[in-house]
Amino acid sequence: MEPIKKPIAARRTPKWLTKNEQNALLREVRSHGSKRDYANILLQLRAGLRVHEACDC
């Protein structure tokens, strides 16, 4: 009997916001959020936080 081969696992690539999506997010937070919210989002965007990392909070 031959050993069973493990199937290849599909790897999901990380998803980042496009520049347009980033700008739209910043506009919304700037107009409807506090300065703290804006600073938090800006820090996350500049630090390279990915979408799934922000959503896991």
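Predicted model: local features only at pLDDT ≥ 70, side-chain atom pairs only at ≥ 80, totals over all residues.
## Helix packing

Helix 1 spans residues 19-32 and helix 2 spans residues 35-46. Their axes lie 9 Å apart and meet at an angle of about 165°. Angles over 145 degrees count as roughly antiparallel, and helix 1 and helix 2 are therefore roughly antiparallel to each other. The crossing of the two helices is left-handed.

On the helix 1 side, the contact is made by Gln22, Leu25, Leu26, Val29 and Arg30. Helix 2 contributes Asp37, Tyr38, Ile41, Leu42, Leu45 and Arg46. By class, this contact has seven nonpolar residues, one polar residue and three charged residues.

## Gln22

Gln22 lies in helix 1 and is part of the contact with helix 2. The relative accessibility of Gln22 is 15%, so this residue counts as buried, the cut-off being under 20%.

Leaving aside residues up to four places away in sequence, Gln22 touches Leu17, Leu45 and Arg46.

## Salt bridge

Side chains of opposite charge can pair when their charged atoms come close. The structure holds one salt bridge. Arg36 forms this bridge with Asp37, and the closest N and O atoms are 3.2 Å apart.

The two partners are classed by accessibility as follows. Arg36 has 64% relative accessibility and therefore counts as exposed. Asp37 is partly exposed, with a relative accessible area of 31%.

Conventions
Residues numbered from 1 in each chain as written. Heavy atoms only, no water. Axes fitted to C-alpha atoms, helices over the stretch in contact; angles between N-to-C directions. Helix = DSSP H or I, 4+ residues; strand = E, 2+ residues; numbered from the N terminus. Parallel < 35°, antiparallel > 145°, perpendicular 65-115°, else oblique. Left-handed = near helix turned anticlockwise from the far one by under 90°. Contact = heavy atoms within 4.5 Å. Nonpolar A, V, L, I, M, F, W, Y, C, P; charged D, E, K, R; others polar. Buried < 20%, exposed > 50% of the residue type's maximum accessible area, 1.4 Å probe, protein only. Salt bridge = Lys/Arg side-chain N within 4 Å of Asp/Glu carboxyl O.
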